[in-house]
Amino acid sequence: MAFPELHIYNSLSRKKEVFTPLNPPFAGLYVCGPTVYGDAHLGHARPAVTFDLVFRFLKHLGFKVRYVRNITDVGHLENDADEGEDKIAKKARLEQLEPMEVVQYYTDRYHQDMDRLNVLKPSIEPRASGHIIEQIEMVKTILDAGFAYVVNGSVYFDVTSYHEKYHYGKLSGRSLEDMMAGSRELDGQQEKKHPADFALWKKALPGHIMRWPSPWGEGFPGWHLECSAMSAKYLGQSFDIHGGGMDLLFPHHECEIAQSNAAFGHDAVKYWMHNNMITINGQKMGKSLGNFITLREFFDGSHKALTGAYQAMTIRFFILQAHYRSTLDFSNEALEAAGKGLRRLLHAMDTLKNLEGSDTPTVDVSGLPQLCRNAMLDDFNSPVAIAHLFDAVKTINAVNDGKERISKSDLEILRNCFDTFVTDIFGLTGKDDQAGDNATGVISGLMEIILELRRQARQNKDWETSDKLRDALQKLNILVKDGKDGASWEMTN
Ligand code: ZN
């Protein structure tokens with residue numbers, strides 16, 4: 001079977017390359033998944049939707065794709081210099097839970113969020129904690145190859161000796177001198193021979209909850225190791241595509257490249273793909289900036305920065321409207337515009353069902369599928385494909401208004417093209433999800449009405465009605481909070 005020429009921008013070579021999989025018709029895709037210690041936010045939605053698009057389009061082209069997306073449930077420390085508490089252990093300590101309770105809870109919620117975004121499930125979703133043996137084996141191999149050293153129960157990757165044979169920094173373009181200058185003085189750094197060295201295995205201090213026996217004593221794997229070990233296990237020591245957010249390029253993916261070369265003697269990944277970041281009103285997202293909006297807050301409109309609730313499909317469409325390598329800036333206006341655009345597209349699909357073909361057509365849309373396909377073959381250029389679909393929307397509406405006529409065969413082409421691209425490849429559906437409604441937010445609107453009624457009841461000292469409303473809302477997992485400037489609400493489930 002011959003496959004059409006798909007061009008993929010490779011972050012490693014920094015140019016577009018023709019996709020030639022190692023073992024066609026099979027294609028291996030590995031994507032770094034979430035560290036499950038909190039709810040997914042907009043920054044998680046972008047890689048999930050981007051690589052869902054890649055997964056869907058590769059399948060559309062006829063490849064048999066094995067898509068592996070991991071769950072990080074151990075080893076991701078609070079900073080990138082191998083120091084600080086494990087993110088999951090910290091959450092478990094604060095909430096007085098077992099770490100694996102935290103992992104299960106947020107993994108389930110992540111899956112619910114992904115389902116609402118219509119992100120297809122990966123073929124395999126391995127967890128780091130389920131692959132400790134594989135990770136220990138990989139550390140042993142790297143030690144045997146002479147690219148790591150043991151200090152006081154921890155094993156560090158020896159960047160200097162690695163760099164003599166390979167090139168550390170080839171993905172990020174950073175030099176060892178830069179990394180030296182950029183490193184901070186932190187506890188434990190003195191164990192390392194070079195500040196750029198990173199932990200393959202960390203000794204567990206007393207009180208550290210997640211710990212496993214190893215040849216170097218009790219400890220836990222370094223964060224970068226899980227992806228190298230699990231991708232090798234499920235996709236082989238050489239595989240096609242590795243994806244993730246641009247924020248993972250350094251150090252995470254740079255370290256993955258070093259680990260693979262050190263262990264296997266060659267690069268594991270043929271094509272590195274990175275989606276760009278989402279900013280919020282031009283600013284980076286961050287907890288400290290107060291603009292950290294979870295997907296659930298988008299869906300129910302409960303975050304104060306939002307003017308209403310947004311459908312999951314609107315968020316999906318908003319992401320697909322930009323090329324994955326462009327930055328994408330969130331604002332309420334941009335998201336409302338995406339919602340309107342999506343409704344126009346889906347409405348045209350409905351209209352299409354009822355149109356009748358003519359023997360004397362005035363329009364020719366037979367080239368549309370090829371235009372959409374060519375856009376996608378050019379490094380998954382979804383915005384260009386969407387622009388072509390919007391051109392067709394104009395034609396559909398003109399035919400519907402009696403201003404143009406379309407042939408029966410073109411009508412069939414349009415219907416197939418919309419089904420293929422809108423439904424199958426872009427994964428956009430008209431089905432409403434549970435809480436999010438439209439850009440103005442029906443739930444938010446209803447809550448305003450209810451809270452106003454409750455305010456009036458309280459003004460009239462009708463405490464019975466006021467409490468009844470509060471209790472009824474609580475049964476729906478809506479918590480009403482009375483404050484100085486009136487009542488506010490939030491979803492508690
Ligand atoms: Zn990873």
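Hi everyone, let me start with a single side chain: Lys394 has a relative accessible area of 55%, so Lys394 counts as exposed. Here exposed means over 50% relative accessible area, buried means under 20%, and partly exposed lies in between, with a 1.4 Å probe and protein chains only. The partner of Lys394 is Asp391, and their side chains form a salt bridge at 3.8 Å, N to O. By salt bridge I mean a side-chain nitrogen of Lys or Arg within 4 Å of a carboxyl oxygen of Asp or Glu. Asp391 is partly exposed, at 43% relative accessibility. Both residues belong to helix 13 (residues 382–400), where they sit 3 residues apart, about one turn of the helix.

A quick word on what we are looking at. This is a predicted model, in which local features need pLDDT of at least 70 and side-chain atom pairs count only at pLDDT 80 or more, while totals for chains, interfaces and linings use all residues. Residues are numbered from 1 along each chain as its sequence is written, and side-chain values use heavy atoms, with hydrogens and water left out.

Now the overall picture. The protein has 16 helices and 14 strands; these are DSSP runs numbered from the N terminus, with helices being H or I of at least four residues and strands being E of at least two. The C-alpha atoms fill a box of roughly 75 × 75 × 35 Å along the principal axes. Of the 493 residues, 53% are buried. If we take contacts between residues at least 6 apart in sequence, 75% of them join residues at least 24 apart, where contact means heavy atoms within 4.5 Å. The accessible surface is about 22,300 Å², and carbon and sulfur atoms account for 50% of that. Those areas come from the Shrake-Rupley method with a 1.4 Å probe, and for residues only the protein chains shown count as cover.

Let's go to the metal. Which residues coordinate the zinc ion? They are Cys32 through SG, Cys227 through SG and His252 through NE2, at 2.0 to 2.1 Å. Along the chain, these donors follow the spacing C-x194-C-x24-H. Cys227 comes from helix 7 (residues 223–235) and His252 from helix 8 (residues 249–264), so to speak a link between distant parts of the chain, 25 residues apart. Donors are N, O and S atoms within 2.8 Å of the metal (3.2 Å for Na, K and Ca), and water is not among the atoms, so sites may look incomplete. Cys227 and His252 are both buried.

Staying in helix 7, we find Ser228. Ser228 is buried, with a relative accessible area of 1%. Beyond its neighbours within four places in sequence, Ser228 is in contact with Met138, Glu256, Gln259 and Ser260. In helix 8 we also have Pro251, and the peptide bond from Phe250 to Pro251 is cis, with omega near 0°. Another cis peptide bond runs from Pro24 to Pro25, with omega near 5°. Pro25 is in the loop between strand 2 (15–18) and strand 3 (26–31).

Back to charge pairs. By the rule I gave, the count comes to 24 salt bridges. One of them pairs Arg69 with Glu125 at 3.1 Å, N to O. Arg69 is in strand 4 (residues 64–69) and Glu125 is in the loop between helix 3 (99–116) and helix 4 (132–144), so the pair links distant parts of the chain, 56 residues apart. Is Arg69 buried or exposed? Arg69 is buried, at 3% relative accessibility, while Glu125 is partly exposed at 27%. Glu137 and Lys140 also form a salt bridge, at 3.1 Å, N to O. Both lie in helix 4, 3 residues apart.

Last, a backbone detail. Asn281 has phi near 45°, a positive value in a residue other than glycine. Asn281 is in the loop between strand 11 (278–280) and helix 9 (295–300), and Asn281 is exposed, with a relative accessible area of 55%.
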